[in-house]
Amino acid sequence: MDLAEEIKIICIKRKVTMSELAEKTGQSQPNLANKMKRNDFKTSELEKIAEALNSHLDIKFVDNATNQPII
């Protein structure tokens with residue numbers, strides 16, 4: 001699952017529309033929609049999205065062979 005799909009699922013669970021998410025993250029709805037289509041986010045943008053969705057961002061390196069976090 002890619003980041004855009006995860007964001008959509010969290011929005012559904014939190015009952016937040018894409019327009020509301022765009023507003024909460026300080027960007028236009030078309031700009032957010034384009035990022036979602038491209039699945040192209042900066043870490044700082046993901047942190048804002050997490051905050052807007054009352055959560056936090058947790059980035060990990062995962063071993064491809066075992067699918068387990070390396071550290």
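**Figure 1. Accessible surface and overall fold of the predicted model.** The accessible surface of the protein comes to about 5600 Å² (Shrake-Rupley method with a 1.4 Å probe; for residues, only the protein chains shown count as cover), and 50% of this surface belongs to carbon and sulfur atoms. This is a predicted model, in which local features need pLDDT of at least 70 and side-chain atom pairs count only at pLDDT 80 or more, whereas totals for chains, interfaces and linings use all residues. Residues are numbered from 1 along each chain as its sequence is written, and side-chain values use heavy atoms, with hydrogens and water left out. The average pLDDT (the predictor's confidence in each residue, from 0 to 100) is 96. The protein has 4 helices and 0 strands (DSSP runs numbered from the N terminus; helices are H or I of at least four residues, strands E of at least two). Its C-alpha atoms fill a box of roughly 40 × 25 × 20 Å along the principal axes.

Figure 2. Beyond its neighbours within four places in sequence, Ile7 is in contact (heavy atoms within 4.5 Å) with Leu21, Met36, Phe41, Leu46 and Ile49.

**Figure 3. The salt bridge between Lys35 and Glu45.** The two side chains meet in a salt bridge at 2.3 Å, N to O (a side-chain nitrogen of Lys or Arg within 4 Å of a carboxyl oxygen of Asp or Glu). The pair links distant parts of the chain, with Lys35 in helix H3 and Glu45 in helix H4, 10 residues apart. Lys35 is buried at 10% relative accessible area, and Glu45 is buried at 17% (buried is under 20%, exposed over 50%, partly exposed in between; 1.4 Å probe, protein chains only).

Figure 4. Arg38 pairs with Asp40, the closest N and O atoms being 3.9 Å apart; Asp40 is partly exposed, at 44%. Asp58 and Lys60 form a salt bridge at 3.6 Å, N to O, and both residues are exposed.

**Figure 5. A nonpolar surface patch.** Phe61, Ile70 and Ile71 make a patch of about 470 Å² (residues with over 30% relative accessible area and no salt bridge; nonpolar side chains Val, Leu, Ile, Met, Phe, Trp and Tyr are joined within 5 Å, like charges within 9 Å). Ile71 lies in the segment after H4 and is exposed, at 96% relative accessible area.
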